[in-house]
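Please keep the sequence and the structure in view while reading.

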Amino acid sequence: EKTPLTLLGLGAMGTALARTWLDAGHPLTVWNRGPGRAEPLAALGARVAGSVTEAVAASGLVVLCLLDDASVDETLDGVDPTGKDLVNLTTSTPALARSRAAWAHGRGARFMDGGIMAVPPMIGVPASGGYIFYSGSRALFDAHRDTLAVPAGTSYVGEDAGSAALHDVALLSAMTGMFGGVSHAFALVRKEDIEPAAFARLLADWLVAMVPSVHLMASQLADGDYTRGVVSNLAMQVAGSPTLLRTAEEQGVSTELLTPYLSLMERRLAQGHGHEGTTGVVDLLAR
Ligand code: NDP
């Protein structure tokens with residue numbers, strides 16, 4: 001017997017999740033605020049609830065996948081979660097995840113927050129490498145591990161309900177910086193006779209080649225020795241900054257994505273850390 005569950009929210013992600021549970025034979029109750037999203041799932045066997053209250057009452061395990069924090073608050077307003085296992089997969093901040101856990105606990109419910117590290121086409125495709133961070137009630141995770149593993153891999157990161165959101169947002173933040181750099185790179189070559197697809201292959205390979213340096217940063221942060229293993233020291237990198245900035249000017253490209261990071265590197269150099277790599281920038285960011 002497969003665990004029955006309820007899913008609130010049938011956007012692109014919610015719909016992808018729902019299909020995997022239906023495919024795997026889980027009895028699924030769905031609810032969506034607006035009309036039209038539930039019908040295709042009903043055709044696949046989902047039960048469609050007419051209200052949030054009815055949807056929550058239908059199953060012991062209730063998963064939310066809504067647009068944002070405001071939509072979660074609006075949807076849960078007035079809901080009695082007593083005895084339920086709530087899993088919020090809506091992208092949230094750590095603080096809100098913790099306050100929702102406290103809200104649920106205070107009403108006799110178990111709570112986990114989740115952060116989805118996948119886009120909808122990766123859901124239900126194990127080979128895609130997509131997975132979901134979970135944190136909060138360990139008992140809830142253990143009880144529903146198999147059900148939660150249906151749409152994507154699971155990574156439980158601790159009892160602190162905010163931990164999944166923090167992991168999620170940290171990875172998304174790194175991605176944001178990476179795509180900022182990618183945008184700048186495409187802008188530099190755009191007007192030239194350089195084929196975008198060929199350039200994209202070079203770009204992707206270069207980024208992949210640079211990625212392992214995160215492990216050196218981690219080991220330097222762990223023992224505080226920011227000079228160990230450095231192959232491209234800060235003094236050399238800062239000396240190269242004007243070349244990056246001048247090239248942007250020559251190509252008629254704004255430097256607004258580059259300058260914040262280059263400024264931090266310059267500040268660290270000015271503090272006398274030219275023999276380090278860039279790990280010291282992490283220290284400068286702490287408020
Ligand atoms: P969509 O924009 O496709 O869907 C949003 C859903 O939220 C819809 O079901 C919408 O209902 C509902 N909603 C919006 N506002 C409210 C409200 N005030 N009250 C009730 N329901 C509301 O978003 P996704 O499905 O793509 O994303 C859902 C979550 O998944 C987000 O938190 C997102 O960050 C996360 N996520 C998404 C990824 C992606 O690539 N898509 C990747 C990783 C995480 P209605 O139909 O009525 O508008």
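A residue is called buried if 20 or more other C-beta atoms lie within 10 Å of its own, and exposed if 12 or fewer do. The model described here is a predicted one.

**The chain as a whole**

- The protein chain contains 12 helices and eight strands.
- Its C-alpha atoms fill a box of roughly 65 × 45 × 30 Å, taken along the principal axes.
- Of the 287 residues in the protein chain, 31% are buried.
- The chain is divided into domain 1 (5–158) and domain 2 (167–285), and the C-alpha centres of these domains are 37 Å apart.
- When contacts between residues at least 6 apart in sequence are considered, 58% of them join residues at least 24 apart.

**The sheet and its order**

- Strands of a sheet pair through backbone hydrogen bonds, either parallel or antiparallel.
- In this model, eight strands form an open sheet in the order β3-β2-β1-β4-β5-β6-β7-β8, with mixed pairing.
- The edges are taken by β3 (47–48) and β8 (153–156); each has a single partner strand, so one side of each is left without a neighbour in the sheet.

**Strands β1 and β2**

- Strand β1 runs parallel to strand β2 (residues 28–31), and four bridges join the two.
- Within this pair, leucine 5 has leucine 28 of β2 as its bridge partner.

**Strands β4 and β5**

- Strand β4 (residues 61–64) pairs with strand β5 (residues 85–88) in the parallel sense, over four bridges.
- Leucine 61 has aspartate 85 of β5 as its bridge partner, while valine 62 stands opposite leucine 86 in β5.
- In a regular strand the side chains alternate between the two faces of the sheet.
- In β5, Asp85 and Val87 point one way, Leu86 and Asn88 point the other way, and all are buried.

**Strands β6, β7 and β8**

- Strands β6 and β7 run antiparallel and are joined by six bridges; in this pair, isoleucine 116 stands opposite isoleucine 132 in β7.
- Strands β7 and β8 pair in the parallel sense over four bridges, with glycine 153 of β8 as the bridge partner of tyrosine 131.
- Are the residues of β7 mostly covered or uncovered? Five of the six residues in β7 are buried, and the strand is mostly covered.
- Helix α7 (residues 163–189) lies across β6 (110–117) and β7 (131–136), and runs at about 10 degrees to β6.

**The surroundings of the ligand**

- There are 21 residues around the ligand, and those that come nearest are Gly11, Arg33, Gly34, Ser71 and Thr91.
- Helices α1 (12–23) and α4 (69–76) each supply at least two residues of this shell.
- Which classes of residue make up the shell around the ligand? It has nine nonpolar, nine polar and three charged residues.

**Two residues of helix α9**

- Valine 214 has its place in helix α9 (residues 213–223), and glutamine 220 is found in helix α9 as well.
- Valine 214 is exposed because 9 other C-beta atoms lie within 10 Å.
- Glutamine 220 counts as buried because it has 21 C-beta neighbours inside 10 Å.
- Leaving aside its neighbours within four places in sequence, glutamine 220 is in contact with Asp225, Tyr226, Arg228 and Thr279.
- Threonine 279 is also 9.4 Å from valine 214 in space, C-alpha to C-alpha, and these two residues are 65 residues apart in sequence.
- Between glutamine 220 and alanine 46 there are 51 Å in space, C-alpha to C-alpha, and the two are 174 residues apart in sequence.

**A residue of helix α8**

- Proline 196 lies in helix α8 (residues 196–210).
- Why does proline 196 count as exposed? It has 11 C-beta neighbours inside 10 Å, and a residue is exposed if 12 or fewer other C-beta atoms lie within that distance.
- Proline 196 and isoleucine 123 are 73 residues apart in sequence, and their C-alpha atoms are 29 Å apart in space.

Definitions and conventions
Residues numbered from 1 in each chain as written. Predicted model: local features only at pLDDT ≥ 70, side-chain atom pairs only at ≥ 80, totals over all residues. Near = placed C-beta within 6 Å. Nonpolar A, V, L, I, M, F, W, Y, C, P; charged D, E, K, R; others polar. Domains from an automatic or database assignment. Pairing = 2+ DSSP bridges. Contact = placed C-beta atoms within 7 Å. Axes fitted to C-alpha atoms, helices over the stretch in contact; angles between N-to-C directions.
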